[in-house]
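The text then walks through its helices, sheets and rings.

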Amino acid sequence: MSRAPGRVSALSAASDMAGLIASLGMYDSPANAAALDRLWALIREALADHAIAAPAALTRGPGAWLPAWQDPALLLSQTCGYPLRTLLRGRVTLIGAADHGLADTPPGHYHSVLVARQDDPRESFAEFSHARFAWNEDLSQSGWAAPWQFARENQVRLNPVYRSGGHRASAAALRAGKADLAALDAVTWAMMGEDGSGDARGLRVIACTPPTPALPFITARGRDPLPLFAALSSAISALNAAESAQLHLKALVSLGEADYWAIPNPPSPAQSDG
């Protein structure tokens, strides 16, 4: 998954009278919280046009991720492709994926950047074979599944030694010398370099993985995704240029479940032989 520490402090779960849940925690951070709240306000306005009630505010904190994704009251959230095809398969409804405007990446897709310290003398990905690797979470597409597959294809052996809990924490682990290589969600990496947090300082990109389907927007199983797709698409289009750039949202793309099921699942880091 692509969420990172340093995000907005936990708030109580917000819901309407029907107890519906909405969360967009995967790219939430103190720097972009206002823009994300603006996006949610636009989504709510668009949902009202479809006579769909929505929570007044987003759920934030620990309840924004797995608890929200598994709740039958889920109206809208964003998860990661790896849990979508494992823990959540058959339990949620896919809405679509964002066009983040990433270079050399198709709309509706993203990739991982493999990063190391700027002062590390190694230049190529191959030179980092057996290097100490930091990953954010075991069920992260960008932090574990994509780099594992990329390493396998390039005959590089990853040596997972540090589970950080978040992409920004993986970056911090590199700076602290706890690991030498990490894979970060390219959208998070871009935000880290733009938001004034300093979380990208002292690091450089070694390589990029091939694109895979971007973080999917989801709703509860059995809920009609079409009005949600329309509302989310309309809201993204209504963002002003600064908000769109800050959130790295250009449009909403329709992807099918088969696009996600086609991605191979890796062994767990604990069971990986590199």
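A crossing of two helices is left-handed if the near helix is turned anticlockwise from the far one by less than a right angle, and right-handed if clockwise. Helices (H or I, at least four residues) and strands (E, at least two) are DSSP runs, numbered from the N terminus. The model is predicted: local features need pLDDT of at least 70, side-chain atom pairs count only at pLDDT 80 or more, and totals for chains, interfaces and linings use all residues. Residues are numbered from 1 along each chain as its sequence is written, and side-chain values use heavy atoms, with hydrogens and water left out.

Start with helix α1 (residues 33–49) and helix α7 (residues 225–238). α1 passes α7 in a right-handed crossing. Their axes are 8 Å apart, and the packing angle is about 130 degrees. Axes are lines fitted to C-alpha atoms, for helices over the stretch in contact, and angles run from 0 to 180 degrees between N-to-C directions. The two helices are therefore oblique to each other. Angles under 35 degrees count as roughly parallel, over 145 as roughly antiparallel, 65 to 115 as roughly perpendicular and the rest as oblique. Contact means heavy atoms within 4.5 Å. Among the residues that make it are L39 and L42 of α1 and L228 and A231 of α7.

Now find the open sheet ordered β1-β2-β11-β3-β12, which has five strands and mixed pairing. Two strands pair if DSSP finds at least two bridges between them. β1 (21–22) and β12 (251–253) stand at the edges with a single partner strand each, so one side of each has no neighbour in the sheet. α7 packs on this sheet and touches β2, β3, β11 and β12. The direction of α7 makes about 150 degrees with that of β12.

A further open sheet has five strands in the order β7-β6-β8-β5-β9, again with mixed pairing. Its edge strands, β7 (159–163) and β9 (203–208), each pair on one side only. β6 and β8 (residues 181–185) pair in the parallel sense over two bridges. F133 has L181 in β8 as its bridge partner. Helix α5 (residues 167–175) lies across β5, β6, β7, β8 and β9, at about 155 degrees to β8.

Finish with the rings. The structure holds three aromatic pairs. Rings of Phe, Tyr and Trp (its six-membered ring) pair if their centres lie within 6.5 Å; planes under 30 degrees apart count as stacked, over 60 as edge-to-face and the rest as tilted. F125 and F150 are stacked, because their ring centres are 5.0 Å apart and their planes stand at 20 degrees.
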